[in-house]
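Student: I would like to go through this model and ask what stands behind the terms used for it.

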Amino acid sequence: MSSLSHLDADGRARMVDVGDKAITARSATATGLFTTTSEVVALVRADDLPKADVLATARIAGISGAKRTSELIPLCHPLALNSVSVDFAFEDNSIRITATAKTTGKTGVEMEALTAVAVAGLTLHDMTKAVDPWSVLGDIRLVEKTGGKLRAPLRAGDAHVIVASTGAAAGTRTDTTGPEIARWLESRGYRAELTVVADADVGAELGRVVASAPAVVITTGGTGMSPTDQTPEATRPLLTRELPGVAEAIRARGLPHTPMAALSRGLAGTAGDTVIVNLPGSSGGVADGLAVLDELLQHLVAQVAGGGQHG
């Protein structure tokens with residue numbers, strides 16, 4: 001039990017001593033889903049409920065909740081918050097709540113962001129219960145954290161690695177890039193699965209994997225100019241939005257090492273809520289791609305999930 005930060009070696013609750021931690025800029029973003037009826041969503045949009053100013057009231061409540069987190073959660077440290085933002089996005093029968101808290105200090109603001117979402121959601125329920133007393137507040141989770149020691153996202157969902165290699169699929173060559181990508185994803189909190197397929201089968205495998213809606217799909221191989229290289233052609237029809245800057249950044253990362261990086265035709269983009277990135281089949285190309293994603297993937301996944309603050 002001593003591995004839990006708020007328990008001592010004897011299993012007793014304690015407040016973590018942060019005295020020796022460095023003072024850094026820290027931020028956390030959390031989201032939650034307030035599920036109700038389409039009628040309520042329409043009324044909130046139009047600001048036409050008996051209790052007016054629904055979103056403004058919920059936003060202020062969320063900010064106030066973040067500021068009082070240490071009073072509500074017994075072992076949280078009181079923090080001087082630099083800012084708290086609470087935003088709302090409408091869906092057919094739900095409202096997505098996103099809160100971001102920032103501070104400069106010795107401990108993180110995850111609980112402040114989560115509390116802001118929870119209090120804003122409860123306020124939405126209070127403001128709309130006359131129309132729908134059966135609304136549900138759920139899916140409250142942390143989607144991004146910066147500052148301190150943690151740079152990678154927390155458990156962000158499932159990820160899938162697809163190796164496009166006819167030789168590896170046939171067992172005539174050993175692939176090392178797929179396991180390398182899977183380990184990289186797992187070290188950043190994802191549950192990573194790995195499949196190896198022949199180049200000709202990459203389209204079917206991509207379709208199957210994307211249909212299961214993982215958070216991230218990374219392919220390796222099949223991005224060059226060989227007649228059998230088909231990964232970009234298989235990827236493009238699945239993309240709802242392309243991210244050409246990501247693909248170009250990956251190519252640019254490799255150019256100082258080898259001019260062959262310019263020949264990669266890999267794509268990047270999103271298919272619904274799934275981020276898809278094509279990496280080359282070489283170990284060097286994969287290393288370059290992961291170096292680029294190390295700086296981008298956390299924020300990108302948060303944006304796709306509704307937690308990003310900038311377009």
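**Terms and values**

Tutor: Touching, or contact, means heavy atoms within 4.5 Å. The model is predicted, with local features needing pLDDT of at least 70 and side-chain atom pairs pLDDT 80 or more, while totals for chains, interfaces and linings use all residues. Residues are numbered from 1 along each chain as its sequence is written, and side-chain values use heavy atoms, with hydrogens and water left out.

Student: What makes a set of residues a nonpolar core, and which residues of the largest one touch the most other members?

Tutor: A nonpolar core is a set of buried Ala, Val, Leu, Ile, Met, Phe, Trp, Tyr and Cys residues joined through side-chain atoms within 4.5 Å. Buried means under 20% relative accessible area, exposed means over 50%, and partly exposed is in between (1.4 Å probe, protein chains only). The largest core has 26 residues, and Val 86, Phe 88, Ile 95, Ile 97 and Leu 124 touch the most other members. Two or more residues each come from β1 (24-35), α1 (38-46), α2 (54-67), β2 (81-90), β3 (94-105) and α4 (110-128). The largest share, 7 residues, is from α4. Another core lies apart from this one and has 25 residues, among them Val 246, Ile 250, Ala 268 and Leu 293. As for the element names, helices (H or I, at least four residues) and strands (E, at least two) are DSSP runs, numbered from the N terminus.

Student: Why are α6 and α10 called roughly parallel?

Tutor: Helix α6 (residues 177-186) packs with helix α10 (residues 283-304) at an angle of about 15°, and their axes are 10 Å apart. Axes are lines fitted to C-alpha atoms, for helices over the stretch in contact, and angles run from 0 to 180 degrees between N-to-C directions. Angles under 35 degrees count as roughly parallel, over 145 as roughly antiparallel, 65 to 115 as roughly perpendicular and the rest as oblique. The pair α6 and α10 is therefore roughly parallel. In this contact, α6 gives Thr 177, Glu 180, Ile 181, Trp 184 and Leu 185, and α10 gives Ser 283, Val 286, Leu 290, Leu 293, Asp 294 and Leu 297.

Student: How many residues of each class are in the contact of α6 with α10?

Tutor: There are 7 nonpolar, 2 polar and 2 charged residues. Ala, Val, Leu, Ile, Met, Phe, Trp, Tyr, Cys and Pro count as nonpolar, Asp, Glu, Lys and Arg as charged, and the others, Gly among them, as polar.

Student: What makes α9 oblique to α10?

Tutor: Helix α9 (residues 244-254) and α10 pack at an angle of about 130°, with axes 8 Å apart. That angle makes α9 oblique to α10. Val 246, Ala 249, Ile 250, Arg 253 and Gly 254 of α9 meet Asp 288, Gly 289, Ala 291, Val 292, Leu 293 and Leu 296 of α10.

Student: How do you know whether Gly 289 is buried or exposed?

Tutor: Gly 289 has a relative accessible area of 0%, so Gly 289 is buried. Gly 289 is part of helix α10. Leaving out residues up to four places away in sequence, Gly 289 touches Ile 250 and Leu 279. Between the C-alpha atoms of Gly 289 and Arg 253 there are 7.6 Å, although the two are 36 residues apart along the chain.

Student: Why is Asp 139 called partly exposed?

Tutor: The relative accessible area of Asp 139 is 40%, so Asp 139 is partly exposed. Asp 139 belongs to strand β4 (residues 136-146) and has a positive phi of about 55° although it is not a glycine. Most residues other than glycine have a negative phi.
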